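Keep the sequence and the 3D view side by side.

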Amino acid sequence: MVTWTLHSRFSMAPKKATSSKKGPKLNKAQKAKLQQEDEERRLREEEEVRVQAEKEEQERLERERKEKELEILELRDLDRREDELNELRHLLEDNHTAVTKWKTDAEEKVKWEKYMQSDDTPDPTVQQDVNRYISLWRDDPEINIALVLKQCKVALQLIEELEVLLREATNPQESLKYQEAIINLQELVHAKHILTTEDALKRANANIDTETGNMQTVVKDDNITLCLWANLKKNPRFKGLTFEEVGHGFELPKQLAVSDIAVRILHTRYDHLSLLARMTHLRIHTPSHRSLMGGEEIPADTAVPEQGETKVDEEVKVDDETQQQRVDEEVKSIAGSEGQKSAASVRSGKSSTKSTEEQGSKVQTEVEALDEGDLTSPPVELPMMDHGVRVVDLMQYTPLGGVHYYDVFHLPPQAHHVNGWEIRQVLNKGLQVFPYPVENSNADDKEALTCPPIGVSVTLPDSVVFLETPRVARWDAAGKQWRMDGITDILYEEEEAKISFKMDSFQAFVLMQETYVNFPFQSWELRPSGQDSAVFTINGALIDLSITIQGNQCMLLSEQDRGLSHLIGKWMTSPALQRAMLNAGINIFVNEYTDKYVSNCGKDPLTEHAAYEQMALFASACAFSWSKWNAKCDAQHLVIQVCEHHGPAPVPKDSWSLYLLGAQRSQKLEITERSTDFSPDHYPGSEIHSTFIHMLQDSMSIDGIARTRECNYLFVDAVQSLLCATRPLMYS
């Protein structure tokens, strides 16, 4: 019997689990409270949305208001743009014309005064006169050291004049002519030093020091310091000697202490070897840059023409090649002789000053160039250096204090006195270099000769500032370059201003410092101190200094004493001060290579230079200063602090206003130096102008504007020269 069982479909489904716990029941009061909280939250959110909408609407209306106001300001600026640009252009052109005439008259006056002196110094512009002077001096048998040093002083002055002409030369033939004259003169100066050294050493036994039994002497003048020591005693216990009067000294190993030798330390305050190195290794063409005087491009350096570079007549090419071959031969002769002699000149010259008619409209040209987007210069390509042997990059490092020539010579035969007669062995070989390290010519010797390093110590020149520990470089005569390898046991005594070290051989050496060690600037300020007078202050990375500008004269002021005593408080022209500061180791000046070694703000150079031109025009009435916002805004704009200021007193801190300078217009900013964020919004109620000076005039007094119109053109030129040379808006 089959039994059928029926199940409900509901019994087949799994039962859902039910919680045995239930939430607490809310009473009416609690429910009411929750409803109230929800309502308050809803109202609060609605209020926030309403407030945000109102804020956005206000911001939109404010933007529209500012845009309309800006449109109105731009239209007003457009109406007066041409007049303002014309006024600025005329101011700059009038100053430039007056400065050019003054410089031309000054040069003519110097030439006339030199002509009236009727001395024996040749005219450096006349090649025949220079060649005649060189020929006569070369044949002059004079070997008295005092007279020879006087002759060398004249020759060095002539070399400096030729270097100036070389920098200004635009004709390749003229450049080669000046180079050849410079090389011949430098070679002759060093040859005369060798002759006087030989003459002094021939008479060594007549000047014996009673304590040591050797000869030691020091000769000084404005250009050189000569230290000579002749080893007459040959004492094996001799270790070294210090010339106390000049602070130079040397150390010798035993094999030299018992040899017939003479040691010379010749310190020349000029540096011909670095010129030779630059001429040999830096034969590059720097990019052209737009002149501050207008839109014409002026090459930064006019180099010696290379193949396919300059189109000239075939005869001129042949003549250039002949002269170049003669120059190279002279260079080889100078680089020889154990690297002692050197002569060189920079193979470049600045373009000559253009006439006022050729300048055209300088301001308008700059603005047009900015409009066209010509904002950057092509990159500078530096020469490759062999870092494997630590070759010195003369763009990164600057030799300071001249060159120290460290030599060892065979002691010439000494005279003997017999029965009233002086007997001397005569050698026609001249002064011979003593070979060290000694080469072992016998290949069968199992033990090589040991040649310990030789030591030398020098007192730092008192005309140079070393902001860091000096670096030492030795001259590589074969490569015509400075090298930092092969120098050991360097000891720098800062308190005594003395440095000592050892080298494997006798070589010329120089003390060096990083060229841009004082960059970037921490801050700067240009403050007027009276009519045609201002103080330019720079706070550098390692040293602070001020330059007082009075008319066309400048005077350096600094708390740094050592190394600058010959400069501080001395009036000189801006170019002369720049050269003197560079020679003293204080570099605040910029060249075409600076960007390779120093970080900058990356500003448009045309806008930057236009700012310097206009700052110089108002330097008698307005103070200008560094702003932190200059590094925060874009590359096409500059930010600077400005205020009207009269008199020598410091500028009150609350007097400054911020200005934004661009290619098309300048404006006063609403923000201050203490603001938290940068904003380009213009100051309420202020105008915008196409030029910086007209922007400044809006907030200046009548007396202040009158001061700017009475500025002397030489003062304006001096201020502009310093600003363009230091470029504080780019490197701070």
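Which residue in strand 16 is the bridge partner of P399? It is M512. Bear in mind that this is a predicted model.

M512 has a second bridge partner. R471 also pairs with M512 in strand 16. Strand 8 (residues 397–410) is joined to strand 16 by six bridges, and the two run antiparallel. Strand 12 (residues 471–476) pairs with strand 16 over four bridges, again in the antiparallel sense. Strand 16 itself covers residues 509–514, and five of its six residues are buried.

Seven strands form an open sheet in the order 1-2-5-8-16-12-13, with antiparallel pairing. Strand 1 (215–220) and strand 13 (481–483) are the edge strands, each pairing on one side only. On average, neighbouring strands here are turned by 25 degrees against each other, direction ignored. At one end, strand 1 and strand 2 (residues 224–230) pair antiparallel over six bridges. Within that pair, V218 stands opposite C227 in strand 2. Helix 5 (residues 172–202) packs on this sheet. Helix 5 touches strand 1, strand 2, strand 5 (261–268) and strand 8, and its direction makes about 35 degrees with that of strand 2.

Q507 sits in the loop between strand 15 (498–503) and strand 16. Is Q507 buried or exposed? Its relative accessible area is 16%, so Q507 counts as buried, the cut-off being under 20%. Leaving out residues up to four places away in sequence, Q507 touches H404, Y406, R474 and W475. A polar atom of the Q507 side chain lies 3.3 Å from the backbone oxygen of W475.

Past strand 16 comes a proline to check. P520 lies in the loop between strand 16 and strand 17. The peptide bond from F519 to P520 is cis, with omega near -10 degrees. Another cis bond runs from Y436 to P437, with omega near 5 degrees. P437 is in the loop between strand 10 (421–423) and strand 11 (454–459).

N539 has D544 as its bridge partner in strand 19.

Turn to the packing. The largest nonpolar core has 63 residues, and I547, M581, F624 and I640 have the most contacts inside it. Helix 15 (residues 713–726) gives the most to this core, with eight residues. Beyond its neighbours within four places in sequence, M581 is in contact with L545, I547, L556, L567, I586, I588 and F589. A second, separate core holds 53 residues, including A169, I183, L188 and L431.

C622 is buried, at 1% relative accessible area. C152 is buried as well, at 3%. The count of disulfides comes to zero.

K234 has a positive phi of about 55 degrees although it is not a glycine. K234 lies in the loop between strand 2 and strand 3 (240–243), and counts as partly exposed at 31% relative accessibility. D489, also not a glycine, has a positive phi of about 50 degrees. D489 is in strand 14 (residues 487–493), and is exposed at 54%.

Finally, the overall counts. The protein has 15 helices and 26 strands. Of its 732 residues, 46% are buried. Among contacts between residues at least 6 apart in sequence, 69% join residues at least 24 apart.

Key
Residues numbered from 1 in each chain as written. Predicted model: local features only at pLDDT ≥ 70, side-chain atom pairs only at ≥ 80, totals over all residues. Heavy atoms only, no water. Core = buried A, V, L, I, M, F, W, Y, C linked by side-chain atoms within 4.5 Å. Buried < 20%, exposed > 50% of the residue type's maximum accessible area, 1.4 Å probe, protein only. Contact = heavy atoms within 4.5 Å. Disulfide = S-S within 2.5 Å. Pairing = 2+ DSSP bridges. Polar contact = N/O pair within 3.5 Å; in protein donor to acceptor, adjacent residues only side chain to side chain. Axes fitted to C-alpha atoms, helices over the stretch in contact; angles between N-to-C directions.
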